[in-house]
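Welcome! Take a moment to look over the sequence and the model, and then we will walk through a few of its features together.

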Amino acid sequence: MTKLTLTSLLLLLLPLIFIVLTSAPPTIASEAATKGYSKSIPRFLGKFAYPNRWKPFQYETRYFEQRLDHFSIADLPKFRQRYLISTRHWTGPDRMGPIFLYCGNEGDIEWFAANTGFVWDIAPRFGAMVLFPEHRYYGESMPYGSRDKAYANAASLSYLTAEQALADFAVLVTNLKRNLSAEGCPVVLFGGSYGGMLAAWMRLKYPHIAIGALASSAPILQFEDIVPPETFYDIVSNNFKRESISCFDTIKKSWDVLISEGQKNDGLKQLTKAFRLCRDLKRTEDLSDWLDSAYSFLAMVNYPYPSDFLMPLPGHPIKEVCRKMDSCPEGTSVLERIFEGVSVYYNYTGKVECFQLDDDPHGMDGWNWQACTEMVMPMASSRESSMFPTYDYNYSSFQEECWKDFSVKPRPTWITTEFGGHDFKTTLKVFGSNIIFSNGLLDPWSGGSVLQNISETVVALVTEEGAHHIDLRSSTAEDPDWLVEQRAFEVKLIKGWIEDYHQKRNSVFSI
């Protein structure tokens, strides 16, 4: 099935694609992991994302004074949380116009606002206010007055948690509604990736504040042993394999070639030259991580049309990467083919003269802290299915790295304790309602999300050709039919939530 039909949507809520998610316990690191390949947890979004192509929407930038710790009475310094707001199409409190709140992710909120066109597209038809609060410790929303002070040590970073961020959103929107005499206006949550996780969790944690949530590409199950740790890299690899077996094989061979080259007397110097790096390569692992990031992000943004969410890319970018690799003349070395392919991601415009391996234009370094504390997502790479070096999930090594980087010990079971995850079907069926989990199976994070309908009001929208929260992007003339129909169904569900809210509210006040 490559296309969603409106008839099947209405009949079945969704053409469901069932994927059996089995569990696998953590295992000791494999031999391949000791051969010089360093593995870090994949980021949701691009560490190397393209910073200069933000599409402007009309909004005001405001600031709200937030408590540093919502769960303590300690007199701690407050901080200014940035938020973007548009009341351009809002019908106001008298008509109980809805408030569309996007749960800010791990980066600059203006970037997310520019790349969440769906919310802006549908706001006029709902007469909705649009609200984009920034996640604490990202963008301009820095506790202690500056990024340097906020990121100084484990003590200053200790308030960077998902629970505190959700409390920020809840306090902000509650205060805003009170000031606007808009207490009766329903709030609908939106979020993609980590923001999608926050949207789903906020709906569960604060049902009195938000009436529903669209959680796009939200891997709320990517914890402990709920899904196999190989899931992410298997999906990335399948994206490449389906385009070209030879492309898949070239990438799979390249890791050992890279290590061998790096071990030569002038190997690092030659690799610096071959990959046109701006600074001398100090470790082969840094180049490996750079390549790993490109392949993972390509799978996430494998959109059917040109985009510039992470980088300026053509439509079906993995197809183009493999075409570049496979079309090299006979005799082209493995690493030369790799450079040709990865240049599609890092330099599709042809304007980049040299490559930085540590760019972070959106200020997302805080994610490393979150991944080392509560957002502990086991990752592994399988020998047969993956094009990446084989390695097993090694919690002990991960714990050592986190202690080395932040002097902190991870809490691998905290997220499932705080928000749930085990036996999620029962939990969502009993306690959840009005949540859409939307996923495209090309997105490697889809394997950690909810891919089956849970109830009539907790719905999974799954598409074979969809990538990372593609439904939240602005509509274009190039949108395939299945995407147009998916968005139309999401609008239908959101409209139903709002109508149901008004109906129940009116019935209460008419008693």
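## Terms and ground rules

Contact here means heavy atoms within 4.5 Å. With that in mind, Tyr295 is in contact with Val236, Phe240, Ile251, Trp255, Met325, Ile338, Met387 and Phe388, leaving aside its neighbours within four places in sequence.

This is a predicted model, in which local features need pLDDT of at least 70 and side-chain atom pairs count only at pLDDT 80 or more, while totals for chains, interfaces and linings use all residues. Residues are numbered from 1 along each chain as its sequence is written, and side-chain values use heavy atoms, with hydrogens and water left out.

Buried means under 20% relative accessible area, exposed over 50%, and partly exposed in between (1.4 Å probe, protein chains only).

## Two packed helices

Helices (H or I, at least four residues) and strands (E, at least two) are DSSP runs, numbered from the N terminus. Helix H9 (residues 245–262) packs against H11 at an angle of about 160°, with the axes 10 Å apart. Axes are lines fitted to C-alpha atoms, for helices over the stretch in contact, and angles run from 0 to 180 degrees between N-to-C directions. That angle makes H9 roughly antiparallel to H11, a label for angles over 145 degrees.

On the H9 side, Ile251, Trp255, Leu258, Ile259 and Gly262 take part; they meet Thr284, Leu287, Ser288, Leu291, Asp292 and Tyr295 in H11.

Tyr102 is found in strand S3 (residues 99–102). Is Tyr102 buried or exposed? Tyr102 is buried, with a relative accessible area of 2%. Beyond its neighbours within four places in sequence, Tyr102 has contacts that include Phe112, Leu131, Phe190 and Leu472. The C-alpha atoms of Tyr102 and Leu131 are separated by 6.3 Å, although the two residues are 29 apart along the chain.

## Two positive phi angles

Most residues other than glycine have a negative phi. Ser193 has a positive phi, near 65°; Ser193 lies in the loop between strand S5 (187–192) and helix H7 (194–205), and is buried at 0% relative accessible area.

His316 has a positive phi too, of about 50°. His316 sits in the loop between H11 and helix H12 (317–326), and is partly exposed, with a relative accessible area of 34%.

Notes. Angles under 35 degrees count as roughly parallel, over 145 as roughly antiparallel, 65 to 115 as roughly perpendicular and the rest as oblique.
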